[in-house]
Amino acid sequence: MEALALLRLYGEWGADTALDDSPTDWLSRPAPSALPPAATHDAAQVSTPPRPASRPQPPAATPAMPEPRRTPRPAAAGAPAGAEDGLPLIDRAVQQATEAAAAATTLAELHAAMAGFDACGLRDTATHTVAAAGEAPGRLLLIGEPPDAAEDRGGTPFAGPMGELLDRMLASIGLARADMLLAPVIPWRPPGERPPSAAELRICTPFLHRLIVLAAPRKVIAMGNTPARLLTGETTGIARLRGRWRDIPIPGRAAPIALLPMRHPSQLGASPTARRDAWKDLLLLRTTLDSGKDTD
C-alpha cells in the first residue's frame, strides 16, 4: 500500500516515465577521478589547435554620411486613417469604432458592423459577437456585464444559469425578457472572463452608445459594475451606484436618458446584502414603470 502511495506521489510530481528497469542511486556513485597535473598539461597541449598566422587587417571603412531626413508627405484627402494621421493606436481604434457605429441605422446593421470590426483584439479571441436580443423599441434596455462563457457560446446575452436567475428576478415583479431589449456592455468575451481593459472599453463604447440611440428605450438598466461605471462615468462600485435613477447624456441623443444601476445576477450569491439590494432595486423599477415617471 505504501508503494502504491509513493507511485501516486511520483505521478503528482511529474515523474511518470521509467528510464531504467531498476532505480539508480546517483549519490552513491564514485566521483570521476581527476587527471594528474602533468597529464592535464599534456592533454591541454595536444587538444589546443595551433593559432593561424595573423593576417593583415583591411583599413577601416570611412563611415557613411547620414542621409538627409525626409519629411513624410501628408495623406491624401479622403484616404483611410493610418500611421500618417499621427494618432495613437488606441485613439485610431476608437475613431474607427465611432465611424462604424455611426454608419449603422438599424440594430441589424450595428451587429454587422461589430462583427466586421477588426480594431479590437477581443473579436478575434471570442467565439461570437453577442448582439442585443429582445423587443426594440421598447420601454427598457437592460445592459449586463461582458459576455461569459455561456453567452459567448450561444451568441445571446444573459444565457446559461445567470440568464435563468435573471428570468426569476424579472418574473418577481411581473416582467419578462419579451418586455425589454437585453445586451452586454461589450459585444465580445474577454479571454478567461477577465475584466476588460480601459482601452478595450474605450474602443467598444461607441457601439454601446449607438445601441442606446437605435433602440430608443425609455429607460436603461445597468446591471453590474462595468456598465454602471461606463455609463455614469463614476469609479465607485455598484453598491454605491445602485438605488436611484439618474439622467445620463448619450452622444447622438437630444435629451438625457434615465438610468438605474442594479446588481448583476452573478453578484446575488455573494451575500444577503446583495440579494436585499437587488430586491429593493426591482421594487423601485416596478414602481417607476407603474407611475410612468422617468426618475424616482
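The exercises below, with worked solutions, concern a predicted model.

**Exercise 1.** State the secondary structure content of the protein and the share of its residues that count as buried.

Solution. Begin with the elements: the protein has 11 helices and 6 strands. Next, take burial, for which the cut-off is under 20% relative accessible area. By that criterion, 34% of the 296 residues are buried.

**Exercise 2.** Determine the strand order of the open sheet and identify its edge strands.

Solution. The 6 strands run in the order S1-S3-S2-S4-S6-S5, and the pairing is mixed. Strands that pair on one side only are the edges: S1 (133-134) and S5 (246-248). Within the sheet, S4 (residues 219-223) is paired with S6 (residues 257-262) in the parallel sense, over 5 bridges. Ala222 is placed opposite Pro261 of S6. Helix H9 (residues 225-232) packs on this sheet, touching S2 (140-144), S4, S5 and S6. The direction of H9 makes about 130° with that of S4.

**Exercise 3.** Find which members of the largest nonpolar core touch the most other members, and list the contacts of Leu231 beyond four places in sequence.

Solution. The core holds 36 residues, and Ile143, Trp188 and Leu231 touch the most other members. Helix H8 (residues 198-215) contributes the largest share, 8 residues. A second, separate core has 23 residues, including Ile173, Ile221, Trp245 and Met262. For Leu231, set aside neighbours within four places in sequence; the contacts are then Ile143, Leu208, His209, Ile212, Val220, Ile248, Ile250 and Leu259.

How values were computed. Residues are numbered from 1 along each chain as its sequence is written. This is a predicted model: local features need pLDDT of at least 70, side-chain atom pairs count only at pLDDT 80 or more; totals for chains, interfaces and linings use all residues. Side-chain values use heavy atoms; hydrogens and water are left out. A nonpolar core is a set of buried Ala, Val, Leu, Ile, Met, Phe, Trp, Tyr and Cys residues joined through side-chain atoms within 4.5 Å. Buried means under 20% relative accessible area, exposed over 50%, partly exposed in between (1.4 Å probe, protein chains only). Helices (H or I, at least four residues) and strands (E, at least two) are DSSP runs, numbered from the N terminus. Contact means heavy atoms within 4.5 Å. Two strands pair if DSSP finds at least two bridges between them. Axes are lines fitted to C-alpha atoms, for helices over the stretch in contact, and angles run from 0 to 180 degrees between N-to-C directions.
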